[in-house]
Amino acid sequence: MAITSLAFVGFAAFVLVIYYLLPRRPQNYWLLAASYAFYVTWAWEFAVVLTLLILVNFGLAKAIQGRSAHKRLLLWIGIGFNVLALAFFKYADFFVPEMVARQQQANGQMAGGGFRLLLPIGLSFMILEGISYLVDVYRDQVQAASDLVDFALYLAYFPKLLSGPIERYRSFSPKLAQPRVVDNETLARSFMLIVVGLVRKLVVADLLLLLIPKEIVLTPGEFDASRVALWLIAYGFWLYNDFAGYTSMVRGLSGLFGIELSPNFQIPYFARNFTEFWNRWHITLSHWLRDYIYFPLSRALLRRNPSRRNLLNLILPPIATMLISGLWHEASLFLLIWGALHGVYQIVERLPSLWRPVVPPDKWPLWRQGIAVVGVVVLALLAWIPFGVGVSDTPIYWRDSPDKISSAGLDSRLLVTMVPGIWLDWVQYRRGEFAFLRWPRLARATLLAFAFLAVLGALQIAATPPPFVYQGF
Amino acid sequence: MDPNEVRNSLRAFVLKELLNNPSYPIEDDEPLITSGLVDSLSLALIGVFAEESFGVYIPDTDLTAENLDTLNQMVDRIVSDGNRET
């Protein structure tokens with residue numbers, strides 16, 4: 001059940017009505033039942049995998065907390081279990097159909113069909129939540145869950161089940177334990193998040209996807225440089241608005257249940273360096289990687305040689321972290337290249353601070369801030385070429401990319417479609433995420449009417465919204 | 001643990017080792033992480049500095065802008081953890 005479908009709207013409304021008829025404790029049981037029902041609509045096998053993950057992580061955390069002698073071993077068993085589960089589904093999904101096809105070819109059969117492992121939707125997100133939970137229990141930063149239902153809800157909670165945000169048990173579990181307060185302010189914020197999310201996804205992202213011509217990916221040499229550049233920009237805006245739209249919607253939905261989810265985006269295309277970019281783009285993943293990969297690795301190295309100028313300290317943690325980020329997205333070479341590029345970006349931007357005084361970006365002259373913003377956007381877009389085109393075609397893409405620049409034939413619809421997204425970013429960058437709620441009543445009503453019309457118009461053009469880009473992870 | 005001693009030691013470390021600028025007029029309440037003065041590598045260094053100079057281990061998940069954005073927050077954390085351990 002896609003969360004942009006009418007069926008999901010009906011499902012969420014039904015769950016909400018029953019939810020508010022129940023006392024607090026049964027509310028959690030109801031949410032868990034609804035989460036499982038939602039997950040089963042994708043495939044019943046997913047529910048089996050989810051249950052296994054819940055039971056193993058729940059049991060291991062209890063064992064880690066109870067047995068000081070084998071804590072470390074149990075932690076590594078838990079991390080190994082989660083990583084292997086992820087690798088099994090991600091890599092098997094890649095290799096099994098290939099092996100079946102080869103076997104069929106060898107037997108003289110037509111390729112295709114045969115056994116195929118399904119990657120449980122949202123598995124990558126659950127795995128990271130499971131690992132952070134085990135590590136935090138091991139470090140005594142959180143008590144192992146005593147209630148299986150609450151823990152199950154931590155992994156399975158349906159608004160965040162498909163693509164996060166990646167929550168931490170120590171901040172999520174208190175929200176399950178406390179009474180749900182949904183006052184007027186929470187309602188207003190939740191609805192605003194849902195409307196902004198719908199506009200980002202349906203009006204900006206889905207229409208951009210329709211407008212980006214497939215030929216420009218396959219045969220860039222047939223187009224002039226301006227069109228290829230415009231496609232790249234549109235691609236970057238599509239990716240961002242698709243995922244930011246999803247996050248906004250699910251945060252809004254969860255707010256209606258009185259459970260606040262973490263923000264995942266904070267106007268990333270206004271970042272002035274890549275450190276800032278990763279604090280604004282897919283924030284919960286960036287912070288997970290920082291806390292469980294970058295910091296442990298960095299601190300281990302710094303204990304041996306506590307200097308910023310040491311090459312190993314400078315190079316290894318960002319490269320390793322971003323390569324793991326690439327692998328987490330998908331077991332493919334193009335995401336490794338993407339990760340390596342982002343690792344290199346972070347290393348290079350740190351180099352001047354090794355010998356020059358550090359000046360915070362806010363104190364840079366405006367012209368330098370502007371150039372830095374454009375530079376970060378351009379480099380981020382270039383890193384997405386292997387993401388969008390594929391590794392084998394990337395060299396061809398570069399080789400065939402044209403050098404003549406012309407504004408003739410530029411699709412103005414692409415530019416027009418990006419405008420609402422850019423405008424939303426600008427307002428939120430200048431006035432904060434909930435700026436629209438501070439507008440006068442008439443302005444808010446007008447804006448809502450425009451958003452409603454834009455969403456209806458977009459649905460006329462793209463009647464079946466494509467799935468979210470991160471849904472595949 | 002004397003907060004002033006921790007503050008002076010931390011200030012000198014941040015200015016010399018992290019900012020390369022001993023004359024930078026750092027305020028006790030000035031945001032260091034959210035302003036971009038201190039990046040993740042510097043934050044990891046602050047964690048190691050707290051371990052080695054004051055014997056205080058700040059967990060990786062606590063090395064965040066919410067906990068340690070200003071000199072005051074860093075001093076409070078080190079002093080309270082240090083006093084708890086002694």
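What follows is a set of questions and answers on a predicted model.

Author: Residues are numbered from 1 along each chain as its sequence is written, and chains are lettered from A and ligands numbered from 1 in the order in which they are written. Because the model is predicted, local features need pLDDT of at least 70 and side-chain atom pairs count only at pLDDT 80 or more, while totals for chains, interfaces and linings use all residues.

Reader: What is the pLDDT of chain A on average, and where is it below 50?

Author: The average for chain A is 86, and 87% of the residues score at least 70; pLDDT is the predictor's confidence in each residue, from 0 to 100. Residues 108-115 of chain A have a pLDDT below 50. That stretch has ten contacts in the model beyond near neighbours in sequence, where a contact means that two C-beta atoms, placed from the backbone, lie within 7 Å.

Reader: How many helices and strands are in chain A?

Author: Chain A has 19 helices and zero strands. Both are DSSP runs numbered from the N terminus (helices are H or I with at least four residues, strands are E with at least two). Among contacts in chain A with a separation of 6 or more, 75% join residues 24 or more positions apart.

Reader: Why is Leu75(A) called buried?

Author: Leu75(A) has 20 other C-beta atoms within 10 Å. A residue is buried if 20 or more other C-beta atoms lie within 10 Å of its own, exposed if 12 or fewer, and partly exposed in between, so Leu75(A) counts as buried. Of the 473 residues of chain A, 38% count as buried. Leu75(A) lies in helix 4 (residues 71-106) of chain A. Not counting residues up to four places away in sequence, Leu75(A) touches Ile64(A), Leu134(A), Val135(A) and Tyr138(A).

Reader: What makes helix 13 and helix 14 of chain A roughly antiparallel?

Author: The axes of helix 13 (residues 311-329) and helix 14 (residues 333-350) of chain A come within 7 Å and cross at roughly 155°. Axes are lines fitted to C-alpha atoms, for helices over the stretch in contact, and angles run from 0 to 180 degrees between N-to-C directions. Angles under 35 degrees count as roughly parallel, over 145 as roughly antiparallel, 65 to 115 as roughly perpendicular and the rest as oblique. The pair is therefore roughly antiparallel. Residues of this contact include Leu314(A) and Met322(A) in helix 13 of chain A, and Trp338(A) and Ile347(A) in helix 14 of chain A. By class, the contact has twelve nonpolar, seven polar and one charged residues. Here Ala, Val, Leu, Ile, Met, Phe, Trp, Tyr, Cys and Pro count as nonpolar, Asp, Glu, Lys and Arg as charged, and the others, Gly among them, as polar.

Reader: How many residues of chain A are in contact with chain B?

Author: In chain A 25 residues are in contact with 19 residues of chain B. Helix 12 of chain A gives the largest share of the chain A side, nine residues.
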